[in-house]
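Hi,

Here is the structure I promised to pass on. Have a look first, and my notes follow below.

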Amino acid sequence: MFKVGLTGGIGSGKTTVATIFAGLGVPVIDADQVAHALVAKGQPALLVIQQAFGSRVMLADGSLNRRALSDIIFADAEQKKCLEAILHPLIIDHLQQQVAALAADYCILAIPLLFETHMTHFVDRVLVVDCSVACQVSRVMARDHYSREKIQTIINSQISRVERRAKADDLIDNSSMDCDAVLLLNAVHSNIPHKLLAEQVKTLHNLYCSLSRSQGR
Ligand code: ATP
């Protein structure tokens, strides 16, 4: 199976783009959903995390205290590495199993932290959704009502836009002009960016179908 890794910074439009690919019948697997399921209450990985980080990362009902864990790993790079060492092999294993069960020309693996977690070896091609940092901030503020500072901290913890663009095989421009138009005009014109994105997605879809066929997959 030809695998396209879909990535981009917070609020860049990954989910929006993935939804358009899915609308073309392309299977989309979301690494964040896989990671989420792995640490659900009662899962073996949650026990390993509890052993590694202690009861401070657990809620009274036996589920993961995500906020506590995220505070720990954002404050300490070693703890972050520890969590990654527990989760990454499991995530890759699950992604592999899900991919093996698919029948399609190619699939999209949505992996927000593809570069940061060194998972590029797992995909055949890297697609980056790109927009300006100002655009990311305004979209996430509108969507999640986070403070500008909080969003900037998250952006700073991710690979820079310049590096991400340089590592891309393909780029989708989901730039500020569309964003501003929609944020300004709100729901009335909310189909505008998606139309523009859809053209880019269609072109890439054709490319990925032919790449997959040329590789005999
Ligand atoms: P996250 O990294 O937080 O998971 P994401 O990269 O998946 O985010 P989306 O959820 O697709 O990004 O988009 C972020 C927000 O911006 C959403 O509210 C979405 O509707 C909006 N959005 C996406 N693309 C555009 C655009 N071109 N113009 C305006 N708004 C957009």
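The loop between α6 (133-144) and α7 (148-157) holds H145; helices here are DSSP runs of H or I with at least four residues, strands are runs of E with at least two, and both are numbered from the N terminus. H145 isn't a glycine, yet its phi is positive, about 60 degrees. The residue is exposed at 67% relative accessible area (exposed is over 50%, buried under 20%, partly exposed in between, with a 1.4 Å probe and protein chains only).

Before you read on: this is a predicted model, where local features need pLDDT of at least 70 and side-chain atom pairs count only at pLDDT 80 or more, while totals for chains, interfaces and linings use all residues. Residues are numbered from 1 along each chain as its sequence is written, and side-chain values use heavy atoms, with hydrogens and water left out.

H118 is another non-glycine residue with positive phi, near 55 degrees. You'll find H118 in the loop between β3 and β4, and it is exposed at 61% relative accessibility.

As for L69, beyond its neighbours within four places in sequence, it is in contact (heavy atoms within 4.5 Å) with I49, F53, V57, L64 and L83.

How do α2 and α5 cross? Their axes come within 10 Å, at roughly 115 degrees (lines fitted to C-alpha atoms, for helices over the stretch in contact, with angles from 0 to 180 degrees between N-to-C directions). From α2, A31, V34, A35 and L38 meet L90, I91, H94, L95 and Q98 of α5.

Last one: Q96, also in α5, is partly exposed at 43% relative accessibility. Its C-alpha is 9.0 Å from that of F122, 26 residues away along the chain.

Cheers
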